[in-house]
Amino acid sequence: MSSNSITEKEGSKDNYYVQTVSMEAQTPIAPQMQPYQRTYANPAPLGMLAYGTVILCSSILTLASKHLGGNSSLVLVFATFYGGISQTLVGMWEMFLGNTFSATVFTTYGGFNLSYGALFLPQIGLASAYSGQEFENAIGIYLAIWTLITFLFCLGAIRTTAPIVITLGFTVCSLTCLSINAFTGIETLATAGGALGLIAAFGAYYGALSLFWTQQTTFSFIRLPPLITAPSNV
């Protein structure tokens, strides 16, 4: 056999191959489902509307007390069934959303409105437990305590928005005047407290509407800017 034939056989042997199939073939990866993005509404506008409505009603009745015979029982309806219940619920919702400051303020003022309404309910009997000026002095102490609480809230809100600072700041001034009026009976202080309360109510309404009037609900020329008082890095 010649050397050429041997070379041809070796060449044909080199060209021979076997196709193998991998038994560990990768299975196609199933597409992963995107997590459901749940959205939550902002409860702050409801809380601020309730806050502003209660103080608006209280301030108007204080200014018009002479025409109402000194009877301001109407504010109890707003304070108990709107301000008290709504702000307490808003505080719980804000706590769920992780907003500590808003949760504390709204829940506290929900308790304030409920307790203020309870002061004058005959079923509670607090008003009848005092005689004459004693009840007015007790109201003065009550309002003085809430003045201090509101002042602490105002200090903690300086970096939020101008409407919130205005609302809390003028609430402090209003409660101060009303507290001193309860001790002294000076009518001018009651009038000043009512007027300052109107400004606080305006700030609360502005803050609520700046959050409530959004791009999805109304036109751009109606929407209000939030008026942030300080940048987040200060």
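Helices here (H or I, at least four residues) and strands (E, at least two) are DSSP runs, numbered from the N terminus. Keep that in mind for the first stop: select Glu 94, and you'll land in helix 3.

Before going further, some housekeeping. This is a predicted model, where local features need pLDDT of at least 70 and side-chain atom pairs count only at pLDDT 80 or more, while totals for chains, interfaces and linings use all residues. Residues are numbered from 1 along each chain as its sequence is written, and side-chain values use heavy atoms, with hydrogens and water left out.

**The whole chain**

Colour by secondary structure: the protein chain has seven helices and zero strands. From the N terminus on, the order reads α-α-α-α-α-α-α. Of its 234 residues, 32% count as buried; buried means under 20% relative accessible area, exposed over 50%, and partly exposed in between (1.4 Å probe, protein chains only). Next, contacts, meaning heavy atoms within 4.5 Å. Among those between residues at least 6 apart in sequence, 66% join residues at least 24 apart.

**Back to Glu 94**

Is Glu 94 buried or exposed? Glu 94 is buried, with a relative accessible area of 2%. Show what surrounds it: leaving out residues up to four places away in sequence, Glu 94 touches Asn 42, Pro 43, Ala 44, Asn 99, Ser 102, Ala 103 and Phe 106.

**Helix 4**

Now select residues 100–119, which make up helix 4. Its 20 residues reach 29 Å from first C-alpha to last, close to the 28 Å expected at 1.5 Å a residue (the expected span is 1.5 Å times one less than the number of residues). Buried residues in helix 4 include Ala 103, Phe 106, Tyr 109, Asn 113 and Tyr 116. An α-helix has 3.6 residues a turn, so residues three or four places apart point the same way.

At 9% relative accessibility, Val 105 counts as buried. Draw a distance from Val 105 to Gly 91: the two are 14 residues apart in sequence and 7.3 Å apart in space, C-alpha to C-alpha.

**The nonpolar cores**

A nonpolar core is a set of buried Ala, Val, Leu, Ile, Met, Phe, Trp, Tyr and Cys residues joined through side-chain atoms within 4.5 Å. The largest one has 23 residues, and Val 75, Tyr 109, Tyr 116, Ile 139, Tyr 142, Leu 143 and Leu 168 have the most contacts inside it. Helix 2, helix 3, helix 4, helix 5 and helix 6 each supply at least two residues of this core. Which helix gives the largest share? That's helix 5, with seven residues. Apart from this core lies another, of five residues, among them Ala 44, Met 48, Phe 106 and Ala 208.

Zoom in on Tyr 142, which sits in helix 5 and counts as buried at 16% relative accessibility. Setting aside residues up to four places away in sequence, Tyr 142 touches Phe 112, Ser 115, Tyr 116 and Leu 119. Hop over to Tyr 116: with neighbours within four places left aside, Tyr 116 is in contact with Val 75, Leu 76 and Tyr 142.

**A pocket to look into**

On a 1 Å grid over the protein atoms alone, a cavity is a set of points where a 1.4 Å probe fits but cannot get out, while a pocket is an open set with protein on both sides within 12 Å along at least five of seven lines; lining residues have an atom within 4 Å of a point. The second largest pocket is lined by 20 residues. To find its centre, select Ala 44, Met 48, Ser 102, Phe 106 and Ile 164, the lining residues that lie nearest. Helix 2, helix 4, helix 6 and helix 7 (187–212) each supply at least two residues of the lining.

Finish in the segment after helix 7, where you'll find Thr 214. Thr 214 counts as partly exposed at 26% relative accessibility. Its C-alpha and that of Leu 224, ten residues along the chain, are separated by 8.7 Å.

Most residues other than glycine have a negative phi. Leu 227 has a positive phi of about 60 degrees, although it is not a glycine. At 42% relative accessibility, Leu 227 counts as partly exposed.
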